[in-house]
Amino acid sequence: MDENLKKTSEQQEGMLSKYALVLTSIKGIGVKTFSYLIPDELKEKIKIGQPVFVPFGKTRYINAYVVGFSNYLEEGIKAKYISKILDTTPVFDMNYLKFLEWTADYYFCSIQNVLECAVPIKFLNEQKTELTQKFAEFVSFEGATKRQKEVLEKLESKGKVNLSEFVKEAKTTVLTMKKLEESGCIKITEEKLYRNPLEIFKNTQLQEFPKLMPEQESAYKEIEKRLGSHSCILLHGITSSGKTEVYFKAIKKVLEQGKNVLFLAPEIALASVLTQRLAKRFGTEKTAIWHSSISEGEKFDVWQKIKNNEIRILAGARSAVFAPLKNIGLIIIDEEHESAYKQTMPSPRYDARTVAQKLAELNGCPLVSGSATPDINTYYYAKNSGNLLELKKRYNDYPMAKVHVIDMREERFKANNGIFSQALVKAIENNLKDKKQTIILMNRRGFSTYTQCLACGEVLQCPNCAIPLIFHSQTQTLRCHYCEHEEPMPETCPHCGSETLKNCGTGVQKVEIIAQKLFPEAKIVRLDSDALARKNLHIDILNEFSKGETDILIGTQMLAKGLDNPNVTLVGVINADNSFNLPDFRSSERGFQLLTQVAGRAGRGNNPGDVYFQTYNPEFFALETAKEQNYDNFYKTEIQSREEFDYPPFSKIIRIILSSKNQFRAERSAQEITLRLNDIVNKMQLAEPIAVLGPSACVIEKLQERYRFQILIKNKLGEKGHRLIHSFLSKIKLPDDIKITVDVDPLDIL
Ligand code: ADP
Ligand code: ZN
Ligand code: ZN
């Protein structure tokens, strides 16, 4: 924690202070704070959150934000004067800074770290109000060298492209492109960025609010009762039960009360769909979207509009939780079970759900989380605090899909390559005949799951990580899914030289190829993160599917979310056991959620749907309850095992990873820290409520050339335990070669 920034909380008014602490971002240095003298004529005007203009170095001036005041400077520092206040209306206030401070504390990281992900860097650097983007177009091959021609060929096939995106994609340089422009081979143009993504809805008539069904209405009433004070409500409603309409009515109420709404969705694509729905209902002017991929120009605009209180509903993915929206009367988290709410890399490893809970608490407003398959923790807390609301009926009483469990042990020898059971093939054939659409889930990226030499048994591994490399058929390469390593598929075994390498196991690419062979007439499209070379491709693929242009959509878990398509009547899960088999205490929950969600994609309209789960373990409780789509039964079993083993919600987990290129040193330092932690805990007689487990080698033992050992702390002491561990960790000094990573409330422990 930055001591300078800590002081900010103590002194809020600038009037009498001599110095202002300002926050800025310097290229190559990152986000930092500096002290500046406040000129007398600004003393009465200057406030927290104002953008200011300050001299930096010998010749430069930069933009910065006021984040605190003081009357002292550390010895040896000479401060310069602030030049001017750029805008008298503050962009954020003290409470906002306190909120970021809390986040930094909770996740054991620096406040700079949090600021970096909260504040748009461009906003710090410059006060540009208009941003432009460069585009490139092919003109001619004349005068190009052989190497340049390769680039030109790529460009010609693509038409007009975004220059910087193309440079990355074609693995060329901006300089090469400039040269090509000079020799007349290409044309480069500069265009103003399209800044309001909702512009298209501007003049459309606002949609009316439907009358809620009785179940929806009573859920709404419960939320309405809780407006104006803090609570954490869970809206547990099966897919298509009309949760969104309940949120919308609550939003309407909050807006009438003069307050603002923050609405989080787990992913950018879902946030975009949601924002469109909001804009159509509440108007373009009041609504904005926020996520990591909107342009810096859009972010700039949104911040300006938030500042002027023009934005009343902000929708977005997890980072939107850090937008400086004020006067919040309601926070909504849709699909709250999604792990995408947690940022795993880089630090801060925050969970937007936890942070949003704090934000709601600070604003004294309810947090409404919604899901068909809630996180076990959320459900547990909501149930025990009387804040559980349920929607048990689908809107219009559309029937739930019928789930068939196929025991693959029996199918093994008759099935096609052990991938498609006969029952599933038959069902797909019928569906194609009826001109209905099908979704196939295979939750593994790549073509196969490992590559093995049949002569010597060697499994090809990533040179940086102790993980099998995965074969990708399109590029004919082996890739590591944990680091960026990629190499051509070798023809002979690197170990023994035999030509007997085999790609074993099944990945989604193999399923696609086999499906195309089985159903040659069908239009099949694959949706996984490897297919997403282009920025909005995901949305395009889903749009095409929605329009009925695709017969079969095959993909990883990406397609389990948000698809609402009445023409989908069949869902096949190739290997339902996949997600249950991870060595992680959440694997049953993850698997249950995935299967239930994907089953919910079938039969969303009048058409009853059919779902096939192919499995080798049909009796497993999470599979059985997913078959019945019975969350309550799943919860009852799962919560017992959590209690038995002291896993969340019965404890909070802090995971500490120590890594080094030297295996022995990594293990040693992990042992040392474990010893010291145990020492403290024992001395304070807290060994029962704070259990220190480990150290043990991580499941992924080696990652990016570093050996990894982990310590798990199960904390049953709440905040007090958290603080104790925090203060212990903040005092630790480690040799340079040892890296420590702390993950608070980790979503997996692999
Ligand atoms: P969920 O968010 O629970 O999956 P939605 O709110 O998206 O469900 O509702 C599913 C569908 O039913 C949507 O097309 C929605 O417009 C419609 N719907 C929900 N509630 C009503 C209602 N009270 N009146 C009319 N249509 C409704
Ligand atoms: Zn071999
Ligand atoms: Zn790797």
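**Entry 1**

In my notes, buried stands for under 20% relative accessible area, exposed for over 50% and partly exposed for what lies in between, with a 1.4 Å probe and protein chains only. The model is a predicted one, in which local features need pLDDT of at least 70, side-chain atom pairs count only at pLDDT 80 or more, and totals for chains, interfaces and linings use all residues; side-chain values use heavy atoms, with hydrogens and water left out. Residues are numbered from 1 along each chain as its sequence is written, while chains are lettered from A and ligands numbered from 1 in the order in which they are written.

Glu-169 belongs to helix α6 (residues 163-169). Helices (H or I, at least four residues) and strands (E, at least two) are DSSP runs, numbered from the N terminus. I noted a C-alpha to C-alpha distance of 9.7 Å between Glu-169 and Lys-154, which are 15 residues apart in sequence.

Lys-171 lies in the loop between α6 and α7 (174-182). Its phi is near 50°, a positive value in a residue other than glycine. Lys-171 is exposed, at 76% relative accessibility.

**Entry 2. Confidence**

I checked pLDDT, the predictor's confidence in each residue, from 0 to 100. The protein averages 87, and 92% of the residues score at least 70. Residues 6-11 are below 50, and this stretch has 14 contacts in the model beyond near neighbours in sequence. Contact means heavy atoms within 4.5 Å. Residues 127-131 also stay under 50, with 17 contacts beyond four places in sequence.

**Entry 3. The parallel sheet**

I traced an open sheet of 7 strands in the order β11-β12-β10-β13-β14-β9-β15, with parallel pairing. Two strands pair if DSSP finds at least two bridges between them. At the edges are β11 (287-290) and β15 (388-391), each of which pairs on one side only. Neighbouring strands of this sheet are turned by 20° against each other on average, direction ignored. For such angles, axes are lines fitted to C-alpha atoms, for helices over the stretch in contact, and angles run from 0 to 180 degrees between N-to-C directions.

Strand β10 (residues 260-264) runs parallel to β12 (residues 313-316) and is joined to β12 by 4 bridges. Phe-263 has Ala-315 in β12 as its bridge partner. Helix α8 (residues 214-226) packs on the sheet, where it touches β9 (231-237), β14 (366-371) and β15, and its direction makes about 160° with that of β15. Helix α10 (residues 268-282) also packs on the sheet, touching β10, β11 and β12, at about 170° to the direction of β11.

**Entry 4. Loops beside the sheet strands**

I located Ser-319 in the loop between β12 and β13 (328-333). Ser-319 is buried at 14% relative accessibility, and touches Trp-290, His-291, Ser-292 and Tyr-350, residues up to four places away in sequence not being counted. In the loop between β13 and α12 (352-363) I found Pro-348, joined to Ser-347 by a cis peptide bond with omega about 0°.

**Entry 5. The zinc ion**

Which residues are the protein donors of the zinc ion (ligand 2)? I found Cys-453, Cys-456, Cys-493 and Cys-496, each through SG, lying 2.2 to 2.4 Å from the ion. Donors are N, O and S atoms within 2.8 Å of the metal (3.2 Å for Na, K and Ca); water is not among the atoms, so sites may look incomplete. Along the chain the spacing is C-x2-C-x36-C-x2-C. The site is tetrahedral, with angles of 108 to 111° among the 4 donor atoms; four donors count as tetrahedral if all angles lie between 85 and 135 degrees. Cys-453 is buried, with a relative accessible area of 1%, whereas Cys-456 is partly exposed at 34%.

**Entry 6. Antiparallel strands**

Strand β29 (residues 706-715) has 9 of its 10 residues buried, so it is largely enclosed by the rest of the structure. I counted 9 bridges in the antiparallel pairing of β27 (residues 652-660) with β29, where Ser-659 stands opposite Arg-708. Strand β28 (residues 690-703) pairs with β29 in the antiparallel sense over 8 bridges, and Ala-697 stands opposite Phe-709. In the hairpin of β28 and β29, with 2 residues between the strands, Gln-704 takes a positive phi near 45°. Pro-695 is in strand β28, and a cis peptide bond with omega about 5° joins Gly-694 to Pro-695.

Methods: Four donors count as tetrahedral if all angles lie between 85 and 135 degrees; four count as square planar and six as octahedral if opposite donors are over 155 degrees apart and all others between 65 and 115; anything else is irregular.
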